[in-house]
Structures are given as structure tokens and as C-alpha cells.
Amino acid sequence: MNATLEVVAGVLRDTQGQLLLAQRKPGGDLAGLWEFPGGKREADESAESALVRELREELGVSVRECSPLIRVSWRYPHKAVRLDVYTVERWQGAVRAQEGQALRWLPLAELTRACMPAADWPAVRALRLPPRLLITPDSGDLRALADAAQRALSGPRCLLRLRLPRLSQAESRALAAQLLARAQARHGDVLLGGDIDGALRLGCGLQLSARQLATLGARPLPEAQWCGASCHDAQDLARAALLDCDFAVLGPVLPTPSHPGASALGWPRFAALCATAALPVYALGGLTPADHEHARALGAQGVAGIRGFWPGLAAA
């Protein structure tokens, strides 16, 4: 196997929110597929410098502001790539194909994995996923919890993971059904923990346990439903990608009262694991919403948490 190919790509949006895609030329590698524009990173370049150069050469634009979206490590049968994807918030100049490639603008909802290189698809998932994943505390007051969850789902877009060990499966499913319409109306979702049959019946999301990752042979939900995975190490992350999970929740990053015996990864180890992942990763464990920007800078999709994410609601 040859050395890993370092590649960069940029996500540009027009005034209608559509995304720019460039078609790979006939006769070349992955010919005919549509990808986020970019190209190979030179040995002496940073990822951001390579992005600026590539978009100038390919599109004739000068990047003025960009931010990291996701780093994807992907192994094709014939090559391995590490793809750094940036969102380009501002650029100067009119977008025009400088190298004879076809260009088109599409809404995010119309992007399909069949028309894109496999390494680009985790970036599409990252664009569709919210920046926060809220995990319900084990509150003894179910009515207060339901009210707090409704308020959370009325705020910034998020995933809501129901973790309610005191409730029966039927009660957890009933609460999920109660919250689901509001969550999906705001382009978020409710996640059941490990309950595959319940997620299929309700049409909601699912978060698999690390134990389930080791036993399942295929993705348990259709692509239209979010399927995440609880991960603790590189092996879990690789298994989640193999099962075609949409995202992983990785931790604990810091010591946390909810898992007092668990060994914390620490931020450096978390960042190293994110860099080798092939899917978006949420940071979990001892975190608050204030950790979001730090987690993002280290490659995370965002932050997940229990304590600190539910002001005014006491956990048991």
C-alpha cells in the first residue's frame, strides 16, 4: 500500500444555501463522480494553505474566511486518503471552472452517496448533523424532564439521546414518540439507546452501545434514520465506520461523575483518535457547552453531555 494521500476540499454555499460540487474528469481516478472542490496537499503546505491554492487554481476565487469541518481518513481498495474538509464562509471572485471541470450547485438534501466519492460522504453527514448531542439525566421527575427536553428541542438544533434507566422500554418509547415531531421539525432528532426495534417502529434515531458494535453484522437502520455509536477507542471507531454509522460519540474525554471508574482519554488522545476516524465524532465526558469550540478545533463534530447541558434540572 502506498503512502496516505493528503487531500483538501472546500464547502462553498451560494446565496440560496446550495453547495458547490465539481465533477471528476473522464479517464481519471473516480471519474464522473461529484465532489467538494479541492485537491492534493503539497508536502510543504498546511491544509489551509493548500485549500487556498487549490480553490484559486480550480475556481478562480480567493478564500477570505474558512473553518475546519471534518478530517476523514478513508481507505479505498487502491489508495488511502486523508481528507481535510473546510467550510468556506467568505471568498472573493466569481466561481468559474478554471480547468475544464463541470460545476453545479445543489441543496444539501439532494446530495447522494451514489454520486460522490466515498471519502466525501462523511463530510455530507457532518454538514447535516447538529453541533450538540444532549443526553438526558436520570431524573426522578419525568414530567420535569419531558418539559426540559421540549425546551431544549425548541432551542438550537440538536440530537437528543434518551438515557433513562429507570423507565421501561415502553415508557422510553412513549417519551420518544412525544418528543419526536418537535425534534425533527427543527432538523434534529431523538435517539433511543440500543433499542433497534423501537427506532425502526418510531422512525427515530438510534445510538448503539460499544457492545452492540461488536455483535452486529450490518447497519441496523435505513439511511434516512440517524444511527450513532458509543465509542471508547480506535477499535470502536473503526467498527462504527464499518457498520456505516453516521456518527460516533467518543469518551470520556475528561473525568466525569456519571462514569467514576472510567479512564479519561484527555484532549490530546481524543484529537488523535478523531484524526483517524472515518465519520463525524462528538466529544463526551466531563464537558459543558463551553467546550464546543475547543472540541471543534481538535476535529470534533461538537460536544455531547449530561451534566451542564440541563440547567435547572437535577439529575439523580
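**Figure 1. Residue classes around the largest cavity.** The lining of the largest cavity divides into eight nonpolar, two polar and one charged residue. Here Ala, Val, Leu, Ile, Met, Phe, Trp, Tyr, Cys and Pro count as nonpolar, Asp, Glu, Lys and Arg as charged, and the others, Gly among them, as polar. The model is predicted: local features need pLDDT of at least 70, side-chain atom pairs count only at pLDDT 80 or more, and totals for chains, interfaces and linings use all residues. Residues are numbered from 1 along each chain as its sequence is written, and side-chain values use heavy atoms, with hydrogens and water left out. The lining consists of L69, I70, R71, A126, C274, L279, P280, V281, G299, A300 and Q301. Strand β5 (residues 62-75) contributes the largest share, three residues. Helices (H or I, at least four residues) and strands (E, at least two) are DSSP runs, numbered from the N terminus. The volume of the largest cavity is about 40 Å³. The structure holds one cavity of 30 Å³ or more. A cavity is a set of points, on a 1 Å grid over the protein atoms alone, where a 1.4 Å probe fits but cannot get out; lining residues have an atom within 4 Å of a point. Grid points are joined across faces, edges and corners, and a volume is the space filled by probe spheres set on the points.

**Figure 2. The largest pocket and its lining.** About 570 Å³ of space lies in this pocket. A pocket is an open set of grid points with protein on both sides within 12 Å along at least five of seven lines. Its lining has 27 residues. Nearest the centre lie R24, E35, G38, G39 and E58. By class, twelve lining residues are nonpolar, five polar and ten charged. At least two residues come from each of β1 (5-12), β2 (19-23), β4 (38-40), α1 (47-59) and β6 (80-92). Strand β1 gives the most, with four.

**Figure 3. The open sheet β3-β2-β7.** Three strands form this sheet in the order β3-β2-β7, with antiparallel pairing. The edges are β3 (34-35) and β7 (103-106), each with a single partner strand, so one side of each has no neighbour in the sheet. Two strands pair if DSSP finds at least two bridges between them. Between β2 and β7 there are four bridges, and the two strands run antiparallel. L21 has R104 in β7 as its bridge partner.

Figure 4. Strand β10 (residues 189-193) pairs with β11 in the parallel sense over three bridges. L191 stands opposite G205. From β10 the chain crosses through helix α5 (residues 196-202) to β11, a right-handed β-α-β crossover. A crossover is right-handed if, with the strands pointing away from the viewer, the path from the first strand over the helix to the second runs clockwise. β11 also pairs with strand β12 (residues 227-231), in the parallel sense and over three bridges. L208 has A229 in β12 as its bridge partner. The chain passes from β11 through helix α6 (residues 210-215) to β12, and this β-α-β crossover is right-handed.

**Figure 5. Strand β12, covered on both faces.** Five of the five residues of β12 are buried. C227, A229 and C231 lie on one side, and G228 and S230 on the other. C227 stands opposite L206. Four bridges join β12 to strand β13 (residues 247-250), and the two run parallel. C231 stands opposite L250 in β13. Helix α7 (residues 234-242) carries the chain from β12 to β13 in a right-handed β-α-β crossover.

**Figure 6. A174 in helix α4.** A174 sits in helix α4 (residues 169-185). Its relative accessibility is 46%, so A174 counts as partly exposed; that class lies between buried and exposed, with exposed being over 50%. A174 and Q92 are 82 residues apart along the chain, and their C-alpha atoms are separated by 51 Å.

Note on methods:
Buried < 20%, exposed > 50% of the residue type's maximum accessible area, 1.4 Å probe, protein only.
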